[in-house]
Amino acid sequence: MRVIVVGAGVLGTMHAWQAVQRGHEVVHIEREAEARGASVRNFGLVWVGGRAAGEELATALRARELWEEIGAAVPGLGFRANGSLTAVTTEAELAVARATLARPDAAARGLRLLAPDEVRAANPALRGTLLGALACDRDAVVEPRTAQRALKEALLRSGRYTFLGGREVRDLVDTAGGSAVRDDRGTVHGGDTIVLCTGAWLGGLVRGLAPELPVRRVRLQMMQTAPLGEPLTTSVADADSFRYYPAYAGPALDALAAAQPQPPTAAEHRMQLLMVQRADGGLTIGDTHEYTEPFGFDVDEAPYEHLASVAEALLGRPLPPVRRRWAGVYAQCADTARVVHRERLRADAWLVTGPGGRGMTCSPAIAESTANELGW
């Protein structure tokens, strides 16, 4: 079988990976020279703890298994089973952590509640004043700026994979041998199956094929520092992540929202703190969420100031200098309870999009489900 995959972000690359692993030939087409969108502008988190019970959690847990398997085969991914700590600093936040730990799926998520001395034993870099932390042993991380490149290099070694960068697909066309895509150079690429994983690119070809797409775009801001100078042994979140991730919903979270409103900047930009140490020792820190288009073309400084103050409070020390700031845009299902939008455009062509902030976490399992559904 010959599979045409359009889009070289993490979702498209994982579809290519599934096809090659199952013995098929893949032609992978990307409009940029290499992935430039949300797949390289994120934390690289494989984030299990906060996922909604049901399909989302099952997908994240399966993806976590696949990430570890792929990471063993492709060391360049930088896969690390480092776990995470969601730090709590008030009694209301601690109550949410305790309520989460009491849920029947807490063990499946790998959740534990740590006392302050246990937090510092697990992650000595956290020297701020804490009441404890909700630990998730199932969380992990990869290096987002290099992961797609490492996967591409591994795929090329298979001998069944062709990567065509700098080509934008304009049409789906019929040929004597079946379906094909035509790129902006006029070249026709034929195959048995076509999978479009075009990320936040929802106009042009995608709009023409799926004009009523139930997907929206979300913009975020993030930053990266110089090396911290010491290990940050786990990924770190602040308790505002309780407000963002669906696993924490319930009476304790309602009480937290009533007793402890977010600071104005955090509320305005729908913020949480996530902090991950990169392979070079720097920290990736974010993020914000903007849902109303048109999005600004510049970045707002106030969220960065808020993130820096929260991170410094948890670390108990000043942050290293900020080296990079950026914005990114991802595609999210309008019904946020849906893990992904998978739409059959024609007999042999599919659109797979809209995983939202779950994309890096869930992409291996989403691709596996597509492969199973299509009978690869």
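Trainee: Why is Tyr244 called partly exposed?
Mentor: Tyr244 has a relative accessibility of 28%. Buried means under 20%, exposed means over 50%, and partly exposed is what falls in between, with a 1.4 Å probe and protein chains only as cover. So 28% puts Tyr244 in the middle class. Bear in mind that this is a predicted model, where local features need pLDDT of at least 70, side-chain atom pairs count only at pLDDT 80 or more, and totals for chains, interfaces and linings use all residues. Residues are numbered from 1 along each chain as its sequence is written, and side-chain values use heavy atoms, leaving out hydrogens and water.

Trainee: And what makes Tyr245 buried or exposed?
Mentor: Tyr245 comes out at 9%, so it counts as buried.

Trainee: How many aromatic pairs turn up here?
Mentor: Three. Rings of Phe, Tyr and Trp (its six-membered ring) pair if their centres lie within 6.5 Å; planes under 30 degrees apart are stacked, over 60 edge-to-face, and the rest tilted. Take Phe242 and Tyr248: with centres 4.8 Å apart they pair, and with planes at 65 degrees the pair is edge-to-face. Both partners are tucked away, Phe242 being buried at 0% relative accessible area and Tyr248 buried at 4%.

Trainee: Then why is the Tyr244 and Tyr245 pair edge-to-face?
Mentor: Their ring centres are 5.0 Å apart and their planes sit at 85 degrees, so that pair is edge-to-face. Ring pairs also bring in Trp47, giving a cluster of Trp47, Tyr244 and Tyr245.

Trainee: Let's turn to charges. How many salt bridges are there in the whole structure?
Mentor: The search finds 23. The rule asks for a side-chain nitrogen of Lys or Arg within 4 Å of a carboxyl oxygen of Asp or Glu. Arg278 and Glu143 meet at 3.0 Å, N to O, and form a salt bridge. Arg278 lies in the loop between S15 and S16, and Glu143 in the loop between strand S7 (140-141) and helix H6 (144-156), so the pair ties together parts that are 135 residues apart in sequence. Helices (H or I, at least four residues) and strands (E, at least two) are DSSP runs, numbered from the N terminus.

Trainee: What makes Arg278 and Glu143 buried?
Mentor: Arg278 has a relative accessible area of 6%, so it is buried. Glu143 has 10%, so it is buried too.

Trainee: How do you know that Asp174 and Arg346 form a salt bridge?
Mentor: Their side chains meet at 2.2 Å, N to O. Asp174 is in strand S9 (residues 169-175) and Arg346 in strand S18 (residues 341-346), so the bridge links distant parts of the chain, 172 residues apart. Asp174 is at 60%, so it counts as exposed; Arg346, at 25%, counts as partly exposed. Elsewhere, salt bridges that share partners join Arg51, Glu56 and Arg358 into one network.

Trainee: And Glu168 with Arg170, what makes that a salt bridge?
Mentor: The N to O distance there is 3.5 Å. Arg170 itself is partly exposed, at 45%.

Trainee: Which residues gather in the patch of negative charge on the surface?
Mentor: Glu268, Asp298, Asp300 and Glu305. Patch members have over 30% relative accessible area and no salt bridge; like charges are joined within 9 Å, and nonpolar side chains within 5 Å. Asp300 has 33%, so it clears the area cut-off and is partly exposed. Asp300 sits in the loop between strand S16 (283-286) and helix H11 (301-315).

Trainee: What about the backbone: which residues does a cis peptide bond join, with omega about 5 degrees?
Mentor: Glu293 and Pro294. The bond from Gly286 to Asp287 is cis as well, with omega near 0 degrees. Asp287 is in the loop between S16 and H11, and Pro294 is in the loop between S16 and H11 too.

Note on methods:
Accessible areas come from the Shrake-Rupley method with a 1.4 Å probe; for residues, only the protein chains shown count as cover. Lys and Arg count as positive and Asp and Glu as negative; His and the chain ends are not counted. The place of a charge is taken as NZ of Lys, CZ of Arg, CG of Asp or CD of Glu.
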